[in-house]
Amino acid sequence: MNIQEYQAKELFRAHGIPITEGRVARSPEEAREVAAQVGKPVVVKAQVLVGGRGKAGGIKLAQNPDEAAERAGQILGMDIKGLTVREVLVAEAADIKHEVYLAILMDRRRKKPLLMACAEGGVDIEEVARRSPEKIVTLPIEPDYGLQPFQARQVMLKVAPTPKAGLAMARIATQLYEVFTQEDCSLAEINPLVVTPDGRVLALDAKVGLDDSAEIRHAEMHQRFRQPETEGEQLAREGGLSYVKLDGDIGCVVNGAGLAMATMDLVQHFGGRPANFLDIGGSSSPEKVTTAMRIILSDPNVKAILFNIFGGITRCDDVARGIVQALGGMDVRVPVVVRLTGTNEEEARRILDGVHLSATTSMDEGVQAVIARAREARG
Ligand code: GDP
Ligand code: MN
């Protein structure tokens with residue numbers, strides 16, 4: 001489970017990592033109050049679980065409480081990569097002299113935590129990794145010994161602008177490792193970790209992923225940090241389907257997680273953007289299909305829907321009945337494209353003929369067709 005920046009910063013604070021003073025706000029009024037409390041220029045930051053909020057216009061500076069309220073009004077309700085902003089963090093604005101990158105993550109290949117640091121901070125680290133991987137310093141951490149202070153110093157002195165900042169950053173790296181292990185994280189990232197003109201070192205951003213398997217050890221925290229469910233997520237949980245919303249406009253209903261991943265890849269390959277991952281599972285009853293349709297239609301970004309069914313245990317005729325039921329009982333305002341093959345395929349085609357839907361057997365054709373329909377719908 002990924003948590004919001006203000007939640008991650010609560011963990012940082014508890015482990016001694018220096019952050020700027022601030023609080024979460026859910027209305028322009030609240031933003032004004034927080035800014036008044038801070039009593040200095042503030043930064044208003046969209047709280048959504050995606051990176052690149054700055055570039056998307058979700059981070060704005062404000063000189064005084066009135067301006068903070070105005071900025072919060074602009075950011076709240078904003079759509080950032082398919083997510084609606086419901087909360088903003090209002091925090092003291094820092095002056096930035098240097099930005100570095102610091103993270104601890106689980107290195108699955110080595111099966112141990114990895115410390116990662118880079119003198120280029122504040123930018124997309126994946127981009128740095130592509131462009132100049134030699135700039136990224138890494139250190140595998142032995143869990144039996146933990147991150148030793150001398151190791152943290154060795155790494156952070158390489159990326160810090162001055163030895164003094166390097167020592168402060170080494171302490172922060174040790175504290176971040178404490179967050180990582182004690183709170184059972186899969187990722188703890190600070191980007192940027194900044195040095196101010198007066199030489200203070202501060203975590204300006206915070207990204208933390210909590211290991212879901214460790215929920216039993218942090219039940220209270222996990223419950224408190226859990227995001228409220230969207231309509232789609234609630235329908236998926238109640239219907240026993242796995243659903244992950246994405247920021248594209250092509251809804252995908254697929255049986256089996258592997259095929260669902262392959263479908264998303266193929267949509268991307270042919271120039272489309274998947275709106276979701278949705279696995280309706282093995283033995284799919286018509287009810288599961290109608291639920292799937294309801295979930296997908298709860299996302300206003302969806303412009304066209306692709307059913308991609310490989311009939312094995314799943315019977316194609318069951319899925320076809322579900323599609324007919326959904327089209328009959330629901331207000332389906334977007335085109336539906338069906339690709340199916342396998343068990344009871346002929347029967348499925350007969351059923352779909354009844355509602356003037358033709359189903360292709362080719363996955364490539366199905367994906368290309370749904371991308372074309374979405375493009376038409378976009379106009
Ligand atoms: P992200 O874009 O989602 O990673 O959000 P960040 O919290 O990393 O902020 C993006 C960028 O906004 C940072 O790299 C900074 O350049 C800028 N920024 C964020 N907070 C402050 C601040 O307190 N003061 C100043 N001057 N810039 C800030
Ligand atoms: Mn950032």
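How many helices and strands does the secondary structure of the protein chain come to? I count 13 helices and 19 strands. I keep in mind that this is a predicted model.

**Entry 1: the chain as a whole**

I looked up the overall dimensions. Along the principal axes, the C-alpha atoms fill a box of roughly 75 × 50 × 40 Å. The chain has 379 residues, and 51% of them count as buried. Its accessible surface comes to about 18100 Å². Carbon and sulfur atoms hold 50% of that surface.

I then checked the contacts between residues at least 6 apart in sequence. Of these, 67% join residues at least 24 apart.

**Entry 2: ligand 1**

Which residues are closest to ligand 1? I noted Lys45, Arg53, Gly54, Ala94 and Asp205, out of 15 residues that surround the ligand. By class, the shell splits into 7 nonpolar, 4 polar and 4 charged residues. Two strands each supply at least two shell residues: S3 (42-46) and S11 (185-195).

Next I went through polar atoms facing oxygen atoms of the ligand. Glycine 54 places a backbone N or O atom 3.0 Å from a ligand oxygen. For asparagine 191, a polar backbone atom is 3.1 Å from an oxygen of ligand 1. Aspartate 205 uses its side chain instead, with a polar atom 3.0 Å from a ligand oxygen. On its own, ligand 1 has 560 Å² of accessible area, and the protein covers 78% of this.

**Entry 3: the manganese ion**

Which protein atoms are donors to the manganese ion, ligand 2? I found Asn191 (O) and Asp205 (OD), at 2.2 to 2.3 Å. The two residues are 14 apart in the chain. Asparagine 191 sits in strand S11. Aspartate 205 is in the loop between strand S12 (201-203) and strand S13 (207-210).

**Entry 4: helix H1**

Why do I call helix H1 (residues 5-14) largely enclosed by the rest of the structure? Because 7 of its 10 residues are buried. I listed them: Glu5, Tyr6, Gln7, Ala8, Lys9, Leu11 and Phe12. The charged Glu5 and Lys9 are therefore on the buried list too. Just after H1, I noted a positive phi of about 90° at glycine 16.

Key. Residues are numbered from 1 along each chain as its sequence is written. Chains are lettered from A and ligands numbered from 1 in the order in which they are written. This is a predicted model: local features need pLDDT of at least 70, side-chain atom pairs count only at pLDDT 80 or more; totals for chains, interfaces and linings use all residues. Side-chain values use heavy atoms; hydrogens and water are left out. A residue is near a molecule or strand if one of its heavy atoms lies within 4 Å of it. A polar contact is a pair of N or O atoms within 3.5 Å; within protein, one must be able to donate a hydrogen and the other to accept it, and residues adjacent in sequence count only if both atoms are side-chain atoms. Accessible areas come from the Shrake-Rupley method with a 1.4 Å probe; for residues, only the protein chains shown count as cover. Helices (H or I, at least four residues) and strands (E, at least two) are DSSP runs, numbered from the N terminus. Buried means under 20% relative accessible area, exposed over 50%, partly exposed in between (1.4 Å probe, protein chains only). Contact means heavy atoms within 4.5 Å. Donors are N, O and S atoms within 2.8 Å of the metal (3.2 Å for Na, K and Ca); water is not among the atoms, so sites may look incomplete.
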